Amino acid sequence: MTEMSKIAVIGTGYVGLTTGACFAHIGHDVVCADIDESKIDRLNRGEIPILEPGLDDLVRDGMAEGRLSFVVGAANAVADCEFAYLCVPTPQGEDGSADLSYVEAAAREIAPLLTSGAVVVNKSTVPVGSTLVVEGAMMRDDVTVVSNPEFLREGSAVHDFLNPDRVVIGTDDRPTAVKVASLFLGLTAPVIVTDPASAETIKYAANSFLATKLSFVNAMAAVCEAVGADINDVVKGIGSDPRIGDKFLQPGPGWGGSCFPKDSRALVRIADDAGYDFSLLRGVIDANTQQFDRVTDRVEEMVGGLRGKRVAAFGLTFKANTDDLRDSPALEVIARLQERGADVVAYDPAIHRDLETVRVADSAYSAAEGADVVVVLTEWDEFRWLDYTKVVEVMASPMLYDTRNVLDAAGVRKAGIELRILGRG
Ligand code: UDX
């Protein structure tokens, strides 16, 4: 059993809320703070503002057991805390660098209130050198700042927190490293203790490598289409090599979300500022943009020109099982289809309102009405179980492009639909 520690968590987004609820779940006494009063009110009513499987139960259990509470303002969370976790946004600035203004503001707010010996922990993804920035903002030499980057995927954040592949702790102070590591004693995972710069770099390197893997498999999908190979079998063939691994090799319309686009650009910028031209990673980012273009080209080719055509887009979120639209590949492709003159209607199980840029239907069937082509852009299971004989009845022409390889190809073709699958011809 973990020895109970008093932890303040600043910021209640999917990282902060998951971190706070999971720390409470493994035995710590947690106070979460946010500047958004309405969000705190909803949390105190047990309403969870984000779609994370298992999070609502953890929050309710933590509150019921009196180990998890929510307050407005960081200053009200840190009284007598031993650890203060900074889980505030680090948005991407215009120039690609990460904007640390929220981190610095939180650090300045809590600095005068922290007890001597407290540990401030950077959980948000922050540029290399940010621990020094936080130390500078706090001006407290009796408080240590460490990096403890998160590796949580949206839609599985609770699972990922409670089953980490590793816990990374960045500090030059060994006793502090031991104190932070002890917070995770209830979990079985290797603890990697390193200096702050290396810990911060690990986070960017991990996300950028994963993005690289995806850009590679998406480019291989284009090669397979060109040479008449099947990307599924190619992925099986290479993924059997443990040095490559069979995970994270599902081709798609490109990668997106609140992390990969921001972190890959930030790493290019961090490298540039440090005097290294990270052209490989720039290429990975360009390949992702090209993927959006290539998917749009394929749809255009299927309908013989997009001007005046109706396209039904199945999927808006950046991936299935989340309601997050940030940097969604689906929105990138839809924007391109519209630029080329298509009239797009979308449907997504998690989105129940029209967006600024695209009308959203209340079912896949109504989105498909009058459509010249359907394009699947997010891998929602729901799209697999649709009745495609009904879909084809309402369409103007029976064509479908599955960019996520999520459908039952035989069943869709049996319904009379001309099906194309990304990377499979
Ligand atoms: C990512 C990292 O996985 C996580 O470790 C980090 O902490 C935060 O960023 P997340 O952004 O939630 O997590 O999404 P992820 O599941 O990694 O997917 C990112 C993008 O890649 C999505 O657009 C997804 O659709 C796409 N993807 C993922 C693929 O196209 N194919 C795959 O095989 C996996």
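The side chains of Arg-326 and Glu-154 meet in a salt bridge, with N and O 3.3 Å apart. The model that shows this pair is a predicted one. One salt bridge is the count between domain 1 and domain 2. The rule for polar contacts finds five residue pairs across the interface of the two domains, both residues of each pair having pLDDT 80 or more. On the side of domain 1 that touches domain 2, the classes are five nonpolar, six polar and three charged residues.

The two domains come from the domain assignment of the chain, which gives residues 6-192 to domain 1 and residues 210-421 to domain 2. Their centres, taken over C-alpha atoms, are separated by 33 Å. Domain 1 brings 14 residues to the contact and domain 2 brings 16. The size of an interface is often given as the accessible area lost when the parts come together. Between domain 1 and domain 2 the buried area is about 1,200 Å², and carbon and sulfur atoms give 52% of that area. Of the area that domain 1 buries against domain 2, 45% is supplied by Leu-51, Gln-92 and Glu-154, more than by any other three residues. Glu-154 also has the salt bridge to Arg-326 described above.

Salt bridges occur elsewhere too, and a search of the whole structure finds 28 of them. One of them joins the side chains of Lys-6 and Asp-80, at 3.9 Å from N to O. Lys-6 belongs to strand S1, while Asp-80 is in the loop between strand S3 (68-72) and strand S4 (83-86), so this pair ties together parts that are 74 residues apart in sequence. Lys-6 counts as partly exposed because its relative accessibility is 27%, and Asp-80 is partly exposed at 46%.

A salt bridge between two helices is formed by the side chains of Arg-282 and Asp-272, again with an N to O distance of 3.9 Å. Arg-282 lies in helix H11 (residues 279-303) and Asp-272 in helix H10 (residues 260-273), so the parts tied together are 10 residues apart in sequence. Arg-282 is partly exposed, with 31% relative accessibility, and Asp-272 is partly exposed with a relative accessible area of 36%.

Arg-404 and Glu-379 form a further salt bridge, in which the closest N and O atoms are 3.3 Å apart. Both residues are in loops: Arg-404 between strand S13 (399-402) and helix H16 (409-414), and Glu-379 between strand S12 (373-376) and helix H14 (381-384), so the pair ties together parts 25 residues apart in sequence. Arg-404 is buried, with a relative accessible area of 13%, whereas Glu-379 is partly exposed at 25%. Salt bridges also link Glu-225, Arg-298, Glu-301, Glu-418 and Arg-420 in a network.

Two single residues complete the tour. Ser-5 is placed in the segment before strand S1 (6-10). Ser-5 counts as buried because its relative accessible area is 8%, and buried means under 20%. Leaving out residues up to four places away in sequence, Ser-5 touches His-28, Asp-29, Glu-82, Phe-83 and Leu-183. Ala-226 has its place in helix H8 (residues 196-227). Ala-226 counts as exposed because its relative accessibility is 67%, and exposed means over 50%. From C-alpha to C-alpha, Ala-226 and Pro-49 are 44 Å apart in space, and 177 residues separate them in sequence.

Notes
Residues are numbered from 1 along each chain as its sequence is written. This is a predicted model: local features need pLDDT of at least 70, side-chain atom pairs count only at pLDDT 80 or more; totals for chains, interfaces and linings use all residues. Side-chain values use heavy atoms; hydrogens and water are left out. Domain bounds come from an automatic or database domain assignment. Contact means heavy atoms within 4.5 Å. Buried area is the accessible area (1.4 Å probe) that two parts lose on being put together, summed over both. A salt bridge is a side-chain nitrogen of Lys or Arg within 4 Å of a carboxyl oxygen of Asp or Glu. A polar contact is a pair of N or O atoms within 3.5 Å; within protein, one must be able to donate a hydrogen and the other to accept it, and residues adjacent in sequence count only if both atoms are side-chain atoms. Ala, Val, Leu, Ile, Met, Phe, Trp, Tyr, Cys and Pro count as nonpolar, Asp, Glu, Lys and Arg as charged, and the others, Gly among them, as polar. Helices (H or I, at least four residues) and strands (E, at least two) are DSSP runs, numbered from the N terminus. Buried means under 20% relative accessible area, exposed over 50%, partly exposed in between (1.4 Å probe, protein chains only).
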